[in-house]
Amino acid sequence: MKAELWVSTDAEDTDFIVKLVDVHPDGYEAVLLDQPLRLRYREGIDRWAKVKPGETYPIEVDLWSTAQVFAPGHRIQVQVTSSDAPRFERHTNTWLPLASYDQAVKARNTVYRSKAKPSAIVLPVSR
């Protein structure tokens, strides 16, 4: 399972966290899978790549695999966020490390969904 997203940010670097959620009929949300991607690692963990603020990038977030039966009345939800602290390390949205999180900057991130930039979730289904 994976998320194929088209994204942009106004920061020097940022995180995208993708979650697959089972939403129960009563509104309870059970996170099935979640995985982060730091934008600088979009070309590989060993190939840091700077971000040009405002430029659009295709990224792939590998959510690995799972098996889940969705009972009647349940819904599948996908959440894309830029933080999931304390589960994943907070990011300052800067390229270089900062002495304190008080110096962190806010990032305005965008996920695109269009014919030209078709963000999608690749979710194998078995019946």
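**Getting to know a predicted all-strand model**

Trainee: Where does Asn93 lie, and what is its phi?
Mentor: Look in the loop between β5 and β6 to find Asn93. Most residues other than glycine have a negative phi. Asn93 is not a glycine, yet its phi is positive, at about 65 degrees.

Trainee: Let me step back to the whole chain. How many helices and strands are there?
Mentor: Follow the elements from the N terminus and you read β-β-β-β-β-β-β. The count for the protein is zero helices and seven strands.

Trainee: What share of the residues is buried?
Mentor: The C-alpha atoms fill a box of roughly 50 × 35 × 25 Å along the principal axes. The accessible surface comes to about 8500 Å², with 51% of it belonging to carbon and sulfur atoms. Of the 127 residues, the buried share is 32%.

Trainee: In what order do the strands of the three-stranded open sheet come?
Mentor: Strands β3 (29–38) and β5 (75–81) each pair on one side only and form the edges. The average twist from one strand to the next is 15 degrees. With antiparallel pairing, the order is β3-β2-β5.

Trainee: How many bridges does β2 make with β3, and how many with β5?
Mentor: Strands of a sheet pair through backbone hydrogen bonds, either parallel or antiparallel. Strand β2 covers residues 15–23, and its pairing with β3 is antiparallel; β2 and β5 are antiparallel too. With β3 the count is nine bridges, and with β5 it is seven bridges.

Trainee: Which residues stand opposite Val21 in β3 and β5?
Mentor: A nearby example of such pairing is Asp22, whose bridge partner in β3 is Ala30. For Val21, the residue opposite in β3 is Val31, and the one in β5 is Gln77.

Trainee: Which residue takes a positive phi in the hairpin of β2 and β3?
Mentor: Five residues lie between the two strands of that hairpin. The phi in question is near 95 degrees, and the residue that takes it is Gly27.

Trainee: How many residues of β2 are buried?
Mentor: In a regular strand the side chains alternate between the two faces of the sheet. In β2, one side holds Asp15, Ile17, Lys19, Val21 and Val23, the other holds Phe16, Val18, Leu20 and Asp22, and both faces are covered. The strand is largely enclosed by the rest of the structure, because the buried count is nine of the nine.

Trainee: Which residues make up the covered face of β4?
Mentor: Strand β4 spans residues 57–62. Six bridges join β4 to β1 (residues 2–9) in the antiparallel sense, and Trp6 stands opposite Pro58. Pro58 belongs to the uncovered face with Glu60 and Asp62, while the covered face is Tyr57, Ile59 and Val61.

Trainee: Is Trp64 buried or exposed?
Mentor: Trp64 is found in the loop between β4 and β5, and its phi is positive, near 65 degrees. Its relative accessibility is 61%. The cut-off for exposed is over 50%, so Trp64 counts as exposed.

Trainee: Which residues does Leu123 touch beyond its sequence neighbours up to four places away?
Mentor: Leu123 lies in the segment after β7 (120–122). At 33% relative accessibility, Leu123 counts as partly exposed. The residues it touches are Met1, Leu20 and Ile76.

Trainee: How far apart are the mean positions of the positive and negative charges?
Mentor: The protein has 17 positive and 17 negative charges. Their mean positions are separated by 5 Å.

Definitions and conventions: Residues numbered from 1 in each chain as written. Predicted model: local features only at pLDDT ≥ 70, side-chain atom pairs only at ≥ 80, totals over all residues. Heavy atoms only, no water. Helix = DSSP H or I, 4+ residues; strand = E, 2+ residues; numbered from the N terminus. Buried < 20%, exposed > 50% of the residue type's maximum accessible area, 1.4 Å probe, protein only. Areas by Shrake-Rupley, 256 points an atom, 1.4 Å probe, with all protein chains shown as cover. Lys, Arg positive; Asp, Glu negative; His and termini not counted. Charge placed at Lys NZ, Arg CZ, Asp CG, Glu CD. Pairing = 2+ DSSP bridges. Axes fitted to C-alpha atoms, helices over the stretch in contact; angles between N-to-C directions. Contact = heavy atoms within 4.5 Å.
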